[in-house]
Amino acid sequence: MKRIIILVSGDGTNLQAILNTYHATEISSRVVAVISNNSNAFAIKRARLAQIRTHVLAGSKYKKPELFDKTLLKTVEIYNPDLIVLAGYMRILNIEFITCYCGKILNIHPSLLPKYPGLNTHRRAIEHGEKQHGASVHFVTEKVDDGPIILQVAVPIFYTDTEHTLEMRVKYQENIIYPRVIKWFIDDRLEMRNSSAWLDGKKLPNTGYKD
Ligand code: GRF
């Protein structure tokens, strides 16, 4: 059985989508813990409701970032996870953590990477007059929002869109693609090798899998 840890900071719609897809029915994996750096994250409530162990490491309580990083690593180590899923986790992981779990950390980012790494992606896409936007699931490497892309989904941007309507359209798709990619990993179909993503023994293109 594969042990999954999910790191969250916010609303947790992706966490919910993952739980809805696997938690009750999937026997080859289990979400063993949900960790948040934000004590007010609604995601924590969702996890508790699903009777999953939760840990809140409130970032503000740690005077030194190194102390936070150490505590996070120790907390994760308890579970010896096979997969760590960043689902709206808004804190940068340190190098030690990434090295320790290299090839086992997934992230979802709300843009068609390599476009718009970082924050406020929806607003920036609208401001730049983009015709489409989207989300990317990728392996996590040392550089933020930069690891090998596994799967992307694109959505149109309409001239009536606000940051909020666009975010909702993207999130709807995120909630579909993230569980899909996680299932690939759980089923041993997906891996990171030589800084690339591989699915079913085939190297994926730079923009990820195409249906
Ligand atoms: C998502 O848009 C995800 O792409 C980004 O953070 C947001 C998290 O949303 N990394 P939620 O907390 O899963 O609803």
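# Briefing: strands, annotated sites and ring pairs

Asn 14 makes contacts with Ala 87, Ile 108, Glu 174, Asn 175 and Tyr 178, leaving aside its neighbours within four places in sequence. The model is predicted. Asn 14 sits in helix α1 and, at 6% relative accessibility, counts as buried. One of its contacts, Ile 108, is paired with Val 137 of strand β6.

**Domains**

- The domain assignment divides the chain into domain 1 (1-101) and domain 2 (109-138 + 145-174 + 192-199 + 204-208).
- The centres of domain 1 and domain 2, taken over C-alpha atoms, are separated by 22 Å.

**Strand β6 and its partners**

- Strand β6 spans residues 132-139, and seven of its eight residues are buried, so the strand is largely enclosed by the rest of the structure.
- β6 pairs with strand β5 (residues 105-109) in the antiparallel sense, over four bridges.
- Within this pairing, Ile 108 has Val 137 in β6 as its bridge partner.
- β6 also runs antiparallel to strand β7 (residues 149-156), and seven bridges join the two.
- Opposite Ala 135 stands Val 153 in β7.
- In a regular strand, side chains alternate between the two faces of the sheet.

**Position annotated as active site**

- UniProt, in an unreviewed entry, places the feature "active site" at His 109.
- His 109 belongs to strand β5.
- The relative accessible area of His 109 is 4%, below the 20% limit, so the residue is buried.
- Beyond its neighbours within four places in sequence, His 109 is in contact with Tyr 116, Pro 117, Gly 118, Thr 121, Gly 134, Ala 135, Ser 136, His 138 and Asp 145.
- Among these contacts is Ala 135, the residue that stands opposite Val 153 in β7.

**Positions annotated as binding site**

- The feature "binding site" is placed by UniProt (unreviewed entry) at Gly 12, Thr 13 and Asn 14.
- From this set, Gly 12, Thr 13 and Asn 14 are taken in by the lining of the largest pocket.
- Gly 12 lies in the loop between β1 (2-8) and α1 (13-23).
- At 9% relative accessibility, Gly 12 counts as buried.
- Gly 12 is in contact with Ala 43 and Arg 46, leaving aside its neighbours within four places in sequence.
- Asn 14, in helix α1, is likewise listed as buried, at 6% relative accessibility.

**His 122**

- Helix α5 (residues 121-127) contains His 122.
- With a relative accessible area of 9%, His 122 is buried.
- Not counting residues up to four places away in sequence, His 122 touches Pro 110, His 133, Glu 163, Leu 166, Glu 167 and Val 170.

**Aromatic pairs**

- The count of aromatic pairs comes to three.
- In one of them, the ring centres of Tyr 62 and Phe 68 are 5.5 Å apart with the planes at 90°, so the pair is edge-to-face.
- Tyr 62 is partly exposed, with a relative accessible area of 22%, whereas Phe 68 is buried, at 1%.
- The rings of Trp 184 and Tyr 209 have centres 5.2 Å apart and planes at 70°; an angle over 60 degrees counts as edge-to-face, so this pair is edge-to-face.
- Trp 184 in helix α6 (residues 163-186) and Tyr 209 in the segment after β10 (202-203) are 25 residues apart, and their pair links distant parts of the chain.
- Trp 184 is buried, with a relative accessible area of 6%, while Tyr 209 counts as partly exposed at 25% relative accessibility.

**Arg 189**

- Arg 189 is found in the loop between α6 and β8 (190-193).
- At 34% relative accessibility, Arg 189 counts as partly exposed.
- Not counting residues up to four places away in sequence, Arg 189 touches Trp 184, Trp 198, Leu 199 and Asp 200.
- One of these contacts, Leu 199, is 10 residues from Arg 189 along the chain, with 5.5 Å between their C-alpha atoms.

Conventions
Residues numbered from 1 in each chain as written. Predicted model: local features only at pLDDT ≥ 70, side-chain atom pairs only at ≥ 80, totals over all residues. Heavy atoms only, no water. Buried < 20%, exposed > 50% of the residue type's maximum accessible area, 1.4 Å probe, protein only. Pairing = 2+ DSSP bridges. Domains from an automatic or database assignment. UniProt positions renumbered as here; feature names shortened; annotations may be inferred. Contact = heavy atoms within 4.5 Å. 1 Å grid on protein atoms, 1.4 Å probe; cavity = no way out; pocket = protein on both sides within 12 Å on 5 of 7 lines; lining within 4 Å. Phe/Tyr/Trp six-rings, centres within 6.5 Å; stacked < 30°, edge-to-face > 60°.
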